[in-house]
Amino acid sequence: MNNGSYDIEIKLPILRFFNDIKKHYDSVKIENEWINVELKKKDNWDPIKQEQYDNYILVIGESVRRDFMQSYGFPINNTPFLEKSPVIQFNNYISAAPSTLFSLPPSLTLTDKNTNNTELQNNIITLAKKAGLNTYWLSNQGSMIGSDSIISTIGKRADTYHFLSKGDYHNNGLTTDNDLLPDIQKALSNNNEKNKLIVVHLIGSHSQACARTQDKYDDFFQSTELSCYIQSIKNTDKLLENIVTMSNNTDKSWSLLYFSDHGLSYENKGEGYAKLTHDDKFKQNFEIPLFILSSDSKEKKYITERRNGRYFMSLFSEWTGITDSKIPNHCHMISNDVCDDQDTVINFQKEHIDYNSLPEDKINYSLEKE
């Protein structure tokens, strides 16, 4: 091999590396420009409101697949609050997509189901504001200057917003979801506002799970990472209990809706290095929890019919009592009515696929001793 060909072999991977960086930068820049253009458009909501409650609290979880929750049959007691509460539990709710950036935009914004075009300006925040609610967006996921995601940009349309992390949304465990509680308390305690929508966006169970729990867990299950993941769900359950306690301490009626953005894949089952990762190949990448609990709830109810995050705007409308002719209302979402078009999900290639065609990724319940 001569020196010339050797130099080429060295330089080509380096050039390819920097070329990939430039492509990524250009892609992000184009997306940010598109987001800014779309969100500068004026919303065209014309809502009718019939709110049943004073305060609506929407808690968006992160990376929770429901079969790792006691409420859905997991053998470790990691949802004690939800277990004892008179919630409406959705047993067959699936996310629109298997990652935050793909699943939340079609859930939180109006999407034309014929063209699949997302109308970013027509989102849950602008809808609630147009209906006269005071809006809050309280987040433990990041807001990076110059490169906000669709989700954080929607959040900044709220009357009041606060992002605990100003940089990388992973935040390396520097903040916990409990750090959101003072902001939630302040929002609930503002008696100058009658009706509110308070959106709370958690870091929840995002990988690496032990960074979410400060490397602590109550119960061991197969690996340290899985044990922390199970603990992160337990921590979210406690957070929900704290929010409900604070809500009960006001003189206002309230309703809380919690759901996770997407599920995960279960790798290396039964091994000491078992973990959960993002994927789009299995049903469990889309199987997520959804609960509704209100100040006047009396008994636990179960929604067993399929519901899809692509129609979350319809569910949101029904939950808040804010209706608009542009929001699909062909089905009673908070019921066991059979609804059409609930099986289509979006994969990482942004293709629409049939959830029912995906294989199972079930838990290996063989417990290991530490």
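Is Asp 218 buried or exposed? Asp 218 counts as exposed, because its relative accessibility is 51%, and the class rests on a scale in which buried means under 20% relative accessible area, exposed over 50%, and partly exposed in between, computed with a 1.4 Å probe on protein chains only. The structure is a predicted model, in which local features need pLDDT of at least 70 and side-chain atom pairs count only at pLDDT 80 or more, while totals for chains, interfaces and linings use all residues. Residues are numbered from 1 along each chain as its sequence is written, and side-chain values use heavy atoms, with hydrogens and water left out.

Taken as a whole, the protein has 370 residues, of which 53% count as buried. Its secondary structure comes to 9 helices and 18 strands, where helices (H or I, at least four residues) and strands (E, at least two) are DSSP runs numbered from the N terminus. Among the contacts with a separation of 6 or more, 77% are between residues 24 or more positions apart, a contact being heavy atoms within 4.5 Å.

Asp 218 takes part in a salt bridge with Lys 234, and the closest N and O atoms of this pair are 3.0 Å apart. The pair links distant parts of the chain, since Asp 218 lies in the loop between α7 (209-212) and α8 while Lys 234, 16 residues apart from it, belongs to helix α8. Lys 234 counts as partly exposed, at 24% relative accessibility. A salt bridge here is a side-chain nitrogen of Lys or Arg within 4 Å of a carboxyl oxygen of Asp or Glu, and the structure holds 13 of them.

Another of these salt bridges joins Asp 67 to Arg 65, with the closest N and O atoms 2.7 Å apart. Arg 65 is buried at 1% relative accessibility, and Asp 67 is buried with a relative accessible area of 15%. Both residues belong to a network of salt bridges that links Arg 65, Asp 67, Lys 269 and Asp 361. In a further pair, Asp 324 bridges to Lys 326 at 2.9 Å between the closest N and O atoms; here Asp 324 counts as buried at 7% relative accessibility, whereas Lys 326 is partly exposed with a relative accessible area of 29%.

Two packed helices are described by the angle between their axes and the distance between the axes. The axes of α6 (residues 181-189) and α8 (residues 224-248) come within 10 Å and cross at roughly 25°, the axes being lines fitted to C-alpha atoms, for helices over the stretch in contact, with angles that run from 0 to 180 degrees between N-to-C directions. That makes α6 roughly parallel to α8, because angles under 35 degrees count as roughly parallel, over 145 as roughly antiparallel, 65 to 115 as roughly perpendicular and the rest as oblique. On the α6 side the contact is made by Leu 181, Ile 184, Gln 185 and Leu 188, and on the α8 side by Leu 239, Asn 242, Ile 243, Met 246 and Ser 247. These residues divide into 6 nonpolar, 3 polar and no charged, in a scheme where Ala, Val, Leu, Ile, Met, Phe, Trp, Tyr, Cys and Pro count as nonpolar, Asp, Glu, Lys and Arg as charged, and the others, Gly among them, as polar.

In helix α9 (residues 312-320), 8 of the 9 residues are buried, so the helix is largely enclosed by the rest of the structure; the buried residues include Phe 312, Phe 316 and Trp 319. Gly 321, which follows α9, has a positive phi, near 75°. Helix α3 (residues 100-108) is mostly covered, with 7 of its 9 residues buried, among them Leu 104, Pro 105 and Pro 106.

The backbone of several loops also deserves a look. A cis peptide bond, with omega about -5°, joins Ser 207 and Gln 208, and Gln 208 is found in the loop between β9 (196-201) and α7. Gln 222, although not a glycine, has a positive phi of about 65°; Gln 222 sits in the loop between α7 and α8 and counts as buried at 2% relative accessibility. Asn 268 is likewise a residue other than glycine with a positive phi, near 60°, and its place is in the loop between β11 (265-267) and β12 (275-277), where Asn 268 is partly exposed with a relative accessible area of 33%.
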